[in-house]
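Please open the model in your viewer and keep the sequence panel beside it. The tour below moves from one selection to the next and says what is to be found at each stop.

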Amino acid sequence: MDFHELGSKIIEEYRDVFSRIDDDMIDAFIGEINAHDRLFFIGVGREGMMTRAFAMRMTHMGKEVHWIWDDTTPGIGKGDLLVATIGGGDIGHIRYVCERAKENGARILIITGSPSGAAVKLADFVLFIPGQVYGGKDDVAPSVQPMGNLFEQSLLIVLDMICIKMVDENPDITYEKMEKRHRNVE
């Protein structure tokens with residue numbers, strides 16, 4: 001497959017993923033984010049990188065944001081939201097973190113490409129991104145790409161689209177205000 005043919009195929013895969021996403025689920029996800037001032041995030045590998053990008057934007061929007069593995073992360077508890085990306089539906093150490101967060105009263109939001117996964121049962125809310133994911137077993141958009149590429153790429157785009165919707169729907173959030181919260185020591 002040549003480069004342009006491959007590009008066209010991948011764009012078709014995105015169309016398949018996005019056509020399967022439920023608008024109400026996206027709105028409910030935004031509601032979950034809006035309902036919490038303190039957000040904690042966890043993810044690993046490439047999906048963790050996409051999750052970190054979303055956490056960064058939440059900081060720009062004025063949320064108090066913490067990455068679970070950072071040494072400066074405070075304790076989690078009642079009133080807090082843990083957003084965990086578990087593409088294949090069960091990653092042992094992320095499941096462990098979700099269990100501890102739930103025991104401490106936090107609400108658990110899991111983003112996955114495999115909602116039948118064992119760890120997903122811990123979630124109070126699930127954002128299902130139906131793209132092929134490494135180790136997933138659910139009915140999702142298939143891909144010519146390796147492992148979880150389609151899920152990971154779709155994850156970044158979906159979360160960026162959610163940020164755009166949040167700005168559009170909330171007059172208190174503007175791109176200008178977000179830019180003022182951007183790291184300024186670069």
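For sorting residues by class, Ala, Val, Leu, Ile, Met, Phe, Trp, Tyr, Cys and Pro count as nonpolar, Asp, Glu, Lys and Arg as charged, and the others, Gly among them, as polar. This is a predicted model, in which local features need pLDDT of at least 70 and side-chain atom pairs count only at pLDDT 80 or more, while totals for chains, interfaces and linings use all residues. Residues are numbered from 1 along each chain as its sequence is written, and side-chain values use heavy atoms, with hydrogens and water left out.

**First stop: α3 and α5**

Select α3 (45-60) and α5 (residues 149-169); helices are DSSP runs of H or I with at least four residues, strands are runs of E with at least two, and both are numbered from the N terminus. The axes of α3 and α5 come within 9 Å and cross at roughly 10°, where axes are lines fitted to C-alpha atoms, for helices over the stretch in contact, and angles between N-to-C directions run from 0 to 180 degrees. α3 is therefore roughly parallel to α5, a term for angles under 35 degrees. Next, show the side chains where the two helices meet (contact means heavy atoms within 4.5 Å): from α3 these include R46, E47, M50 and F54, and from α5 they include E152, L155, L159 and M166. By class, this contact divides into 11 nonpolar, 3 polar and 4 charged residues.

**Second stop: the second largest pocket**

A pocket is an open set of points on a 1 Å grid over the protein atoms alone, where a 1.4 Å probe fits, with protein on both sides within 12 Å along at least five of seven lines; lining residues have an atom within 4 Å of a point. About 200 Å³ of space lies here, and the lining has 5 nonpolar, 5 polar and 3 charged residues.

Now select R52, A55, M56, T59 and V65, which lie nearest the centre of the largest pocket. Its space is about 310 Å³, and α3 gives the most to its lining, with 5 residues.

**Last stop: α1 against α5**

Finally, select α1 (residues 3-20), which packs against α5 at an angle of about 60°, with the axes 11 Å apart. Among the residues making the contact are Y14 and F18 of α1 and I157 and M161 of α5.

Note on methods:
Grid points are joined across faces, edges and corners, and a volume is the space filled by probe spheres set on the points. Angles under 35 degrees count as roughly parallel, over 145 as roughly antiparallel, 65 to 115 as roughly perpendicular and the rest as oblique.
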